[in-house]
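User: Hi! I would like to learn how to read a few features in a protein model. Could we go through them together?

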Amino acid sequence: MVGTRASSSLLKGLMLTVLLFLFIFPFLFLLINSFKENTEITSNPLAFAQKFSMENYTTAFEKMGYLSSFTNSLIITVLAVLLISLVSAMTAHYFVRNQTKFNQYTFLLMVASMIIPFQAIMIPLVKIYGSLDMLDNVWSLIYMYVGFGCSLAVFIYHGFVKGVPAELEEAAMIDGCTRTQTFFRIVFPVLMPTTATISILNVLWIWNDFLLPSLVLISPENRTLPLSTFSFYGTYSVDYGPLMAGLVLTILPIMVVYLFAQRYIIQGVMQGSIK
Amino acid sequence: MIKEKGKWNRIRTRLLFTGPTLFAFLTVMMVPFLYGIYLTFTNWDGISTTHSLVGFQNYSAVFKDIVFWKTFGLTLKYVAFTVILVNAVAFLLAYSLSRGIKGQNVFRAGFFIPNLVGGIVLGLIWQFIFSNVLVYVGQKTGIPILSTSWLADPDKAFWSLVIVTVWQYAGYMMVIYIAGLMSVPNDILEAASIDGASGWTRMSRMILPLMVPSFIVCIFLTLQRGFMVYDVNLSLTKGGPFKSTEMVSMHVYEKAFLSRDYGLGQAEALVLFLLVAAITLLQVYFSKKLEVEA
């Protein structure tokens with residue numbers, strides 16, 4: 001009995017390992033080929049590089065404008081994520097503590113808007129912001145992320161603010177805090193775990209987003225990482241070596257973050273899904 | 001209910017707490033959405049400063065646009081296969097990784113990795129795998145199905161899109177299913193085993209019914225993402241070969257931004273939105289009926 005159980009769990013472990021390999025292998029091939037010359041890649045994409053060279057990486061780094069697109073991606077993601085969390089937490093808190101008809105309907109409208117897909121908005125969005133001359137601008141993009149991201153964030157915060165006892169805030173206000181001070185000193189710190197969850201979901205979305213930046217950002221110096229990877233791929237599509245290196249460079253930052261924060265990221269996704 | 005003293009104070013607090021969010025929400029989501037409805041009644045071409053109202057002309061054009069319905073049909077087929085496969089794979093992974101197997105955290109972390117990377121990059125990686133790595137393997141080993149690129153054959157290109165999607169989302173949905181499995185109370189499962197319920201009975205009578213909320217969330221997410229697929233579609237197949245894998249989202253994009261037919265493009269986007277909203281709401285409505293309490 002014990003023997004069969006041990007061997008069946010061994011078999012399961014083996015199957016899972018094979019599956020895991022299937023999940024990881026595209027990244028492995030990418031990495032292997034990123035060090036090879038073009039002829040080596042086409043003659044055998046499975047082999048390791050004969051001589052280890054970083055040349056592909058320096059080419060890709062330069063031609064992609066890696067530094068500038070990485071900086072753009074970083075600024076956009078960090079600012080958008082911070083702003084979404086801040087304004088959504090404030091709004092959700094206000095909605096929970098002031099349950100007027102108007103606030104309840106506004107909240108319902110925001111929740112309902114979550115089923116509107118981006119495709120139904122992109123054409124008028126480009127027309128409106130184009131006519132206001134607000135396209136091709138990193139700040140407009142950040143602003144749009146706040147607009148698109150706040151519904152879900154308000155929704156998630158709303159659920160958690162309800163769990164914060166109102167007495168806590170009343171006590172603070174009796175002690176002389178203003179409403180704003182109460183929020184920043186008492187409520188926002190208490191909501192920290194929720195903020196972490198929302199930030200993780202938003203980082204994964206905004207860092208990797210392609211369609212919205214491709215419509216908003218036009219000049220090469222404004223490009224985010226996914227945009228410059230894609231345009232680099234379009235112009236160099238026969239030269240595999242630098243392309244592979246470029247893809248590795250695009251993936252690298254988020255993989256490094258994942259290496260350190262893996263537990264929190266998976267937990268964040270878990271909590272974000274339980275509505 | 002917390003209230004400040006004085007009307008002016010109340011207005012100021014309201015503006016501070018809800019002003020920025022509501023302003024961004026209205027100007028980025030609601031105004032474009034409503035303006036988009038208006039645009040469907042115009043013949044705007046994207047360049048000229050004037051446009052005129054054309055009534056329901058764009059909507060009747062939607063029904064006559066054979067390509068739109070072809071891409072929509074293809075998207076339906078794609079959604080059907082990806083929703084079933086993603087959720088089946090994700091549930092099996094979650095189930096095997098939720099009962100204390102050795103190194104389960106490593107496995108969970110590994111299966112999640114594709115979700116860290118955006119669809120554009122994933123599509124480009126798989127383009128290389130399908131057109132180089134697999135072809136090389138096929139030619140060396142003599143396996144005929146691999147020896148020519150899948151992306152050059154309309155039918156296989158569709159399946160490669162399905163494979164990449166399953167690979168991309170299975171890890172994400174797995175995480176949601178693990179959360180659901182952890183909320184199934186262990187004591188009732190133990191009680192059932194003591195009463196002699198077999199593994200299959202526990203699965204079909206207890207675990208699956210209690211997991212309905214997770215299935216609702218995951219199927220909802222996979223449905224929505226499936227219908228809206230764009231970036232993997234663009235970077236893996238570009239809709240090719242010969243437009244055979246062009247999904248509806250890509251078609252709407254091309255109608256509006258490349259053919260400069262914004263009115264029609266927007267009308268198609270709205271028709272798509274209404275169809276998808278109807279399908280997802282029906283799904284949620286019917287699966288809510290299956291929910292039980294532990």
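Analyst: Happy to. Let us begin with the salt bridge, which is a side-chain nitrogen of Lys or Arg within 4 Å of a carboxyl oxygen of Asp or Glu. Please keep in mind that this is a predicted model, where local features need pLDDT of at least 70 and side-chain atom pairs count only at pLDDT 80 or more, while totals for chains, interfaces and linings use all residues. Residues are numbered from 1 along each chain as its sequence is written, chains are lettered from A and ligands numbered from 1 in the order in which they are written, and side-chain values use heavy atoms, with hydrogens and water left out.

User: How many salt bridges are found over all chains?

Analyst: Side chains of opposite charge can pair when their charged atoms come close. Here, a search of the whole structure finds 3 salt bridges. One of them joins A:E169 and A:R97, at 2.9 Å from N to O. A:E169 sits in helix α8 (residues 166–174) of chain A and A:R97 in helix α4 (residues 66–97), so this pair ties together parts 72 residues apart in sequence. Helices here are DSSP runs (H or I, at least four residues), numbered from the N terminus.

User: Are A:E169 and A:R97 buried or exposed?

Analyst: Buried means under 20% relative accessible area, exposed over 50%, and partly exposed in between (1.4 Å probe, protein chains only). Both A:E169 and A:R97 are buried.

User: Which residues are linked in a network of salt bridges?

Analyst: Look at chain B: B:K243, B:E246 and B:E254 form that network. B:K243 pairs with B:E246, their closest N and O atoms being 3.2 Å apart, and B:K243 also meets B:E254 at 3.2 Å, N to O. B:K243 lies in the loop between α10 and α11 and B:E254 in helix α11, so the pair ties together parts 11 residues apart in sequence. B:E246 is buried, at 3% relative accessible area, whereas B:K243 is partly exposed, at 48%.

User: Which residues of helix α3 of chain A are buried?

Analyst: An α-helix has 3.6 residues a turn, so residues three or four places apart point the same way. In α3 (residues 55–63) of chain A, the buried ones are A:N56, A:Y57 and A:A60. Seen down the axis of α3(A), the buried residues fall within an arc of 95 degrees (taken from the directions from the helix axis to the C-beta atoms), so they line one face of the helix. On the other side, A:E55 and A:E62 are exposed.

Note on methods:
Helices (H or I, at least four residues) and strands (E, at least two) are DSSP runs, numbered from the N terminus.
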